[in-house]
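Please look at the charged side chains of the model shown here.

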Amino acid sequence: MDPEVLAIQPGAPEPIYRQIGEQLRRLICSGRLAPGEEIASVREVAGVHAINPMTVSRAYSQLEAEGLLERRRGKGMVVAETRRRLLSEDRRLEQLDTGLRELARHAHELGLPGRLVLERLQRLLENEDERESDLR
C-alpha cells in the first residue's frame, strides 16, 4: 500500500489515528486492500504525512486488535487473511451514514438546496475517481 493513499487532515476535529483507522477499514472492507497485502510501514506513513509515528502505530494496533491487520515476521503489517469476505454494498453504505447525516445537517444550516449539494458531491466523487486512477 502506498502511504499517499491515506488522506490525513491534521486540522480536522477527528484525531489522526482515527482518520487512518477509518480509511484503512474502508479500504479493507471494500476489497481495495486484499488479504495478505502489505500495509505501508509506520515510518513510511509518518514520514509522508509528517505525523508522529506513535499516532500511526496506535491506528495499526487497533486494526490488529479488530482482526483486520496482522503482523508478519519480516514483512510488517498485512491485511489479515481471515478478512476474505467483502461486506455487502448496503453494509459499506452504512459506514457513510454518520458523515452523510452531518453533511445534510451542515447543508441545512447553510441554507443550501439538496440539488447543489448533490452536484458538488458528484464532482468530488468524480475527482476522487480520477485521482485514484492516477495512483494506479
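A residue is called buried under 20% relative accessible area, exposed over 50% and partly exposed in between, with a 1.4 Å probe and protein chains only. The areas come from the Shrake-Rupley method, and for residues only the protein chains shown count as cover. The model is predicted, so local features need pLDDT of at least 70 and side-chain atom pairs count only at pLDDT 80 or more, while totals for chains, interfaces and linings use all residues. Residues are numbered from 1 along each chain as its sequence is written, and side-chain values use heavy atoms, leaving out hydrogens and water.

The structure holds seven salt bridges, a salt bridge being a side-chain nitrogen of Lys or Arg within 4 Å of a carboxyl oxygen of Asp or Glu. One of them joins R25 to E22, with 2.5 Å between the closest N and O atoms. Both residues belong to helix α1 and are three residues apart, about one turn of the helix; helices are DSSP runs (H or I, at least four residues), numbered from the N terminus. R25 has a relative accessibility of 15% and therefore counts as buried, whereas E22, at 31%, counts as partly exposed. E22 and R25 are also linked with E66 in a network of salt bridges.

A further salt bridge pairs R71 with E64, where the closest N and O atoms are 3.2 Å apart. R71 has a relative accessible area of 53%, so R71 is exposed. E64, at 26% relative accessibility, counts as partly exposed.

In helix α6 (residues 114-135), R115 and E119 are separated by about one helical turn because they are four residues apart. Their side chains meet in a salt bridge of 3.5 Å, N to O. R115 is exposed, with a relative accessible area of 52%, and E119 counts as partly exposed at 37% relative accessibility.

Which residues form the negative surface patch? The patch is made up of D2, E4, E38 and E44. Patch residues have over 30% relative accessible area and no salt bridge, and like charges are joined within 9 Å. Asp and Glu count as negative, Lys and Arg as positive, and His and the chain ends are not counted. The place of a charge is taken as CG of Asp, CD of Glu, NZ of Lys or CZ of Arg. With a relative accessible area of 40%, E38 is partly exposed.

Definitions and conventions: Patches are made of residues with over 30% relative accessible area and no salt bridge: like charges are joined within 9 Å, nonpolar side chains (Val, Leu, Ile, Met, Phe, Trp, Tyr) within 5 Å. Accessible areas come from the Shrake-Rupley method with a 1.4 Å probe; for residues, only the protein chains shown count as cover. Helices (H or I, at least four residues) and strands (E, at least two) are DSSP runs, numbered from the N terminus.
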